[in-house]
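Subject: Handover of a structure

Dear colleague,

Please find below the structure that I am handing over to you.

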There are 2 protein chains.
Amino acid sequence: MKLNFWQQYPLVKDDLQIVNQLIAKKIEVNDPKLKSALLQMANNGGKYLRPALLLLFSKENSTTIADERLLKLAASIEVLHTATLIHDDIIDDSPKRRGQVSIQSAFGKDVAVYAGDLLFTVFFDLIADALYASPYLKVNAQMMRQILNGEIGQMNARFDTEQSFLTYLRNINGKTAAIFSLACQEGAYFSEADRRQVALAKRIGQNIGLSFQMLDDILDYSDGKNLNKPVMEDLATGVYSLPLLMVLQEHKAELMPYLAKKEQMTAADMEAVKQLVLKYGGVTKAKALAEKFIQKALDQTSQLPASQKRDLLEKLIKRLLKKTN
Amino acid sequence: MKLNFWQQYPLVKDDLQIVNQLIAKKIEVNDPKLKSALLQMANNGGKYLRPALLLLFSKENSTTIADERLLKLAASIEVLHTATLIHDDIIDDSPKRRGQVSIQSAFGKDVAVYAGDLLFTVFFDLIADALYASPYLKVNAQMMRQILNGEIGQMNARFDTEQSFLTYLRNINGKTAAIFSLACQEGAYFSEADRRQVALAKRIGQNIGLSFQMLDDILDYSDGKNLNKPVMEDLATGVYSLPLLMVLQEHKAELMPYLAKKEQMTAADMEAVKQLVLKYGGVTKAKALAEKFIQKALDQTSQLPASQKRDLLEKLIKRLLKKTN
């Protein structure tokens with residue numbers, strides 16, 4: 001932050017220092033390079049004009065530090081501003097921002113989309129803190145952040161033939177399962193379920209989400225005649241999904257000649273990869289794994305009190321995840 | 001929505017219909033084509049699996065409609081999911097989504113960035129409604145939407161030599177002034193100012209924001225030796241800012257040969273436009289207009305009760321907006 005600008009404004013000078021620290025503390029991004037770029041943007045960035053105005057309007061003559069709520073609101077408004085700058089730079093192809101290399105120029109437009117989104121979650125999180133609202137405002141912001149960290153994780157793992165199964169699991173846990181667990185958890189919490197039931201709902205949702213994503217990955221290896229999704233789309237963009245990961249380490253020698261072509265893979269290359277994955281049982285192994293998570297979801301569902309809900313949920317899980325109708 | 005999927009689930013079938021309507025009602029986007037694409041995505045889109053799970057977890061055996069709070073949370077979770085899909089499609093270059101042309105494919109990646117962001121505001125708005133929190137959660141969501149509608153408005157006006165001054169004003173009112181007015185308004189509101197003071201703070205912020213943007217536009221026409229921003233950046237991306245708009249209609253014959261080249265304008269073309277704008281007084285006229293808004297901000301500031309805050313605010317406005325140090 002260009003703190004010098006505020007030297008002659010004792011009314012807000014010290015507050016802005018704290019606002020800066022609050023923002024830095026809230027930037028929780030798994031990707032260390034992106035995190036440091038965002039921190040740099042927060043620290044060396046603008047004049048903090050918008051939070052300064054907010055603080056100025058909260059005061060009369062006092063130079064004592066503003067209360068925590070106001071400091072958080074001030075932080076939120078600077079974070080929101082920064083998020084929109086990052087997205088603007090994508091649109092404008094801007095190479096620079098505040099004298100530094102812009103996020104889109106340093107990391108590419110793809111990262112910049114998610115980086116802006118991540119800051120929206122920080123904005124939301126700060127607002128939730130400031131306004132002492134339902135704890136679920138914060139839960140929502142944190143879940144939004146999980147989704148985006150999962151997306152960024154998946155993006156970073158592109159074309160990485162050394163990625164572990166754990167990386168895969170962590171990424172789909174964010175990008176897909178988080179929203180399922182939030183859905184189940186919120187339904188339970190806001191209909192006055194007790195704490196144990198809410199925790200159970202959350203875990204059921206997570207397991208539905210994980211297996212949902214695994215089955216979606218498997219679909220990529222099916223014939224997909226009636227699917228809306230172009231077959232092998234993931235592979236074309238360097239996302240190595242579950243069936244491939246299941247056989248990649250063991251059959252690297254055979255698979256690498258195709259994978260090494262990266263974006264240059266032809267339709268024939270992708271078909272060859274698909275056939276190898278099928279040949280070595282990647283789809284079968286992926287299905288077996290998905291099955292474990294489905295079974296977990298069903299076991300947990302059976303722990304719910306007997307009700308129409310429980311019956312329907314069981315039917316739904318089977319229908320969705322076993323692809324029966 | 002693929003409602004058929006839920007025919008056999010009476011526990012949530014009717015609720016999902018209402019969730020769908022709630023979402024459709026909340027998609028407030030000025031751009032009519034983008035609005036209809038987002039509505040289509042909401043209406044013909046997915047299975048509403050995540051809101052269905054939320055609702056399912058809120059029930060035991062009752063088929064009566066869930067309460068409004070749960071319906072809004074269910075809507076929020078589907079909107080969040082849709083927002084992330086739109087951004088994912090940018091990263092993946094996906095031509096299709098749910099069997100329809102994807103937003104990024106139909107409108108371009110730039111629109112898709114803001115379209116996803118707009119849905120984040122809808123998400124936030126629904127959460128705010130559902131959780132009966134401080135009215136400022138909703139104010140924040142609405143302001144976030146104003147920013148994004150301003151950005152989309154500016155994007156749509158690119159290379160439009162017929163755009164009115166009113167369009168310009170409306171767009172900068174969204175993309176820049178909204179966050180300034182929110183800052184001033186929040187500072188006042190959360191330090192227990194009375195309603196009149198809060199409204200005054202909001203207007204002061206708006207006028208600071210409007211003149212701030214106008215002066216920023218004018219900077220594009222300065223020599224800009226020590227500026228971080230590449231000179232004439234706006235022009236290169238088809239954003240016709242205030243100085244140019246001030247002379248465009250009157251001197252179209254001279255300006256059009258350059259402007260008609262659009263993205264193909266060379267550095268020499270841009271320099272020629274700059275010189276014409278300067279020659280016909282575009283910068284002077286823009287400065288005069290900005291001056292009016294600065295004066296408004298100062299007049300309104302003088303209506304605040306006498307205090308250090310008021311004095312500092314006056315100094316700040318003069319320093320920032322008259323570019324004195």
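A helix axis is here a line fitted to the C-alpha atoms over the stretch in contact, and the angle between two axes runs from 0 to 180 degrees between their N-to-C directions. Please bear in mind throughout that this is a predicted model.

**Where the two chains meet**

With that definition, the axes of helix α6 of chain A (residues 109-130) and α6(B) come within 11 Å and cross at roughly 20 degrees. Because angles under 35 degrees count as roughly parallel, α6(A) is roughly parallel to α6(B). The crossing of α6(A) past α6(B) is right-handed. On the α6(A) side, the residues in this contact are A:V113, A:D117, A:F120, A:F123, A:F124 and A:I127, and they meet B:V113, B:D117, B:F120, B:F123, B:F124 and B:I127 in α6(B). Sorted by class, the residues of this contact are ten nonpolar, no polar and two charged.

**A helix pair inside chain B**

Helix α6 of chain B (residues 109-130) also pairs with helix α7 of chain B (residues 135-156): their axes come within 8 Å and cross at roughly 165 degrees. Since angles over 145 degrees count as roughly antiparallel, α6(B) is roughly antiparallel to α7(B). In this case α6(B) passes α7(B) in a left-handed crossing. The contact of α6(B) with α7(B) is made up of 13 nonpolar, three polar and seven charged residues. Among the residues of α6(B) that take part are B:Y114, B:L118 and B:F120, while those of α7(B) include B:M144, B:R145 and B:L148.

A:I208 is found in helix α9 of chain A (residues 195-219). Is A:I208 buried or exposed? Its relative accessibility is 2%, so A:I208 counts as buried. Apart from neighbours within four places in sequence, A:I208 is in contact with A:F180, A:A297, A:I317, A:L321 and, from chain B, B:L53. The C-alpha atoms of A:I208 and A:A177 are separated by 7.3 Å, although these residues are 31 residues apart along the chain.

In chain B, B:Q197 lies in helix α9 (residues 195-219). With 15% relative accessibility, B:Q197 counts as buried. Not counting residues up to four places away in sequence, B:Q197 touches B:A188, B:L304 and B:P305.

**Two loop residues with positive phi**

B:F159, in the loop between α7 and α8 of chain B, has a phi near 60 degrees, which is a positive value in a residue other than glycine. B:F159 is buried, with a relative accessible area of 16%.

B:K262, in the loop between α12 and α13 of chain B, is likewise a residue other than glycine with a positive phi, near 50 degrees. At 37% relative accessibility, B:K262 counts as partly exposed.

Yours sincerely,
A colleague

Terms used. Residues numbered from 1 in each chain as written. Chains lettered and ligands numbered in written order. Predicted model: local features only at pLDDT ≥ 70, side-chain atom pairs only at ≥ 80, totals over all residues. Heavy atoms only, no water. Helix = DSSP H or I, 4+ residues; strand = E, 2+ residues; numbered from the N terminus. Buried < 20%, exposed > 50% of the residue type's maximum accessible area, 1.4 Å probe, protein only. Contact = heavy atoms within 4.5 Å. Parallel < 35°, antiparallel > 145°, perpendicular 65-115°, else oblique. Left-handed = near helix turned anticlockwise from the far one by under 90°. Nonpolar A, V, L, I, M, F, W, Y, C, P; charged D, E, K, R; others polar.
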